[in-house]
Amino acid sequence: MRKWLIAAAAAAIFVAPGIASAQAPILIKFSHVVAPNTPKGKGADKFKELAEKYTNGKVKVEVYPNSTLYKDKEELEALQLGAVQMLAPSNSKFGPMGIKDFEVFDLPYLLPNEAALRKVTEGPLGKAMLKKLEGKGMIGLAYWDNGFKEMSANKPLRMPEDYKGLKFRIQSSKVLEAQFRALGAIPQVMAFSEVYQALQTGVVDGQENTPSNIYTQKFHEVQKYTTLTNHGYIGYVVVVNKKFWDDLPADVRGQLEKAMNEATAYSNKIAATENSEALEEIKKSGKTQIIVPTAAESAAMRKAMEPLYQDMASRVGKQLIDDVVKATHGVTN
Ligand code: LMR
């Protein structure tokens, strides 16, 4: 795969912005792993529409959804090599490339609401985290929302002990790994594109994701129970290859920034509705039984996962965890 990536990167050099001819538009390949009819899918399509409009066709954006170009880990390598220019991986996927800060968003029950999230992403903490990406050859342009995660399996999940011994697919985050270990479950890192089949064939027993991802990937069709835990958050960092971005003509970069700001506002505005509509569709399908945890069950889950805030301090950074907790404490929507 690496050889192939390098060949693709070499080919990409021929369409680099610096040597694009007057007629040939600058090409942005935007790769992502989810369906087009999700918050991220719609955000990427909105960016394409606005980028092409504001640059008067000087830029062409090709969006590749559903891992059609690359799977999770490969897409980050492809971006660094310049084979694609833009991605929006979830916060949970930057750890393997050496940036652990974004895993702070994986801490269970960290963010009580959207306003608390914005305090982090739009404040100094969020900006400082984006800055760290530059050392890895990428620039963080924006934070995009998905939403809150639900748990699913082929058995009802209510209390921490219900998770014991079950295998759960996770994204590549050590915090998520620790979360399932705290519940006595067995976490297994797996690319998003492989989850449906793994659930269907019993390679894993369960998974956690947002309703929009569950619905569009049909996970609910191969999971008998879905529990509305809302225990954690999935969001994205839109990243662009740094060299590509820095080499753009200043006016084009400005137009793309405007397109990105508007696509971000759009995507963040529709995310909650996309998820509630997806949840309604999941319920209507009748393929999975929906469990709404009681207050006592939620409290037990919270308690079981609480040690993560200490245990993950050495991974994510104690200061960062403290700062995020402080910034979000008591924030109401
Ligand atoms: C996942 O891998 O579960 C999700 O992060 C996929 C996505 O990009 O929403």
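The paragraphs that follow turn to the ligand and its surroundings, and then to a pocket.

This is a predicted model, in which local features need pLDDT of at least 70 and side-chain atom pairs count only at pLDDT 80 or more, while totals for chains, interfaces and linings use all residues. Residues are numbered from 1 along each chain as its sequence is written, and side-chain values use heavy atoms, with hydrogens and water left out.

The ligand is surrounded by Val33, Val34, Lys40, Ser90, Lys93, Arg169, Gln171, Phe192, Asn209, Asn213 and Tyr236, a residue being counted if one of its heavy atoms lies within 4 Å of the ligand. From the side chain of Lys40, an N or O atom is 2.7 Å from an oxygen atom of the ligand; for the side chain of Asn209 the corresponding distance is 2.8 Å, and for that of Asn213 it is 2.9 Å. Taken alone the ligand exposes 270 Å², and the protein buries 100% of that, with areas taken from the Shrake-Rupley method with a 1.4 Å probe.

The pocket is lined by 17 residues, of which Thr121, Leu130, Leu141, Ala142 and Tyr143 lie nearest its centre; lining residues have an atom within 4 Å of a point. The largest pocket has a volume of about 350 Å³, where a volume is the space filled by probe spheres set on the points.

Technical notes: 1 Å grid on protein atoms, 1.4 Å probe; cavity = no way out; pocket = protein on both sides within 12 Å on 5 of 7 lines; lining within 4 Å. Polar contact = N/O pair within 3.5 Å; in protein donor to acceptor, adjacent residues only side chain to side chain.
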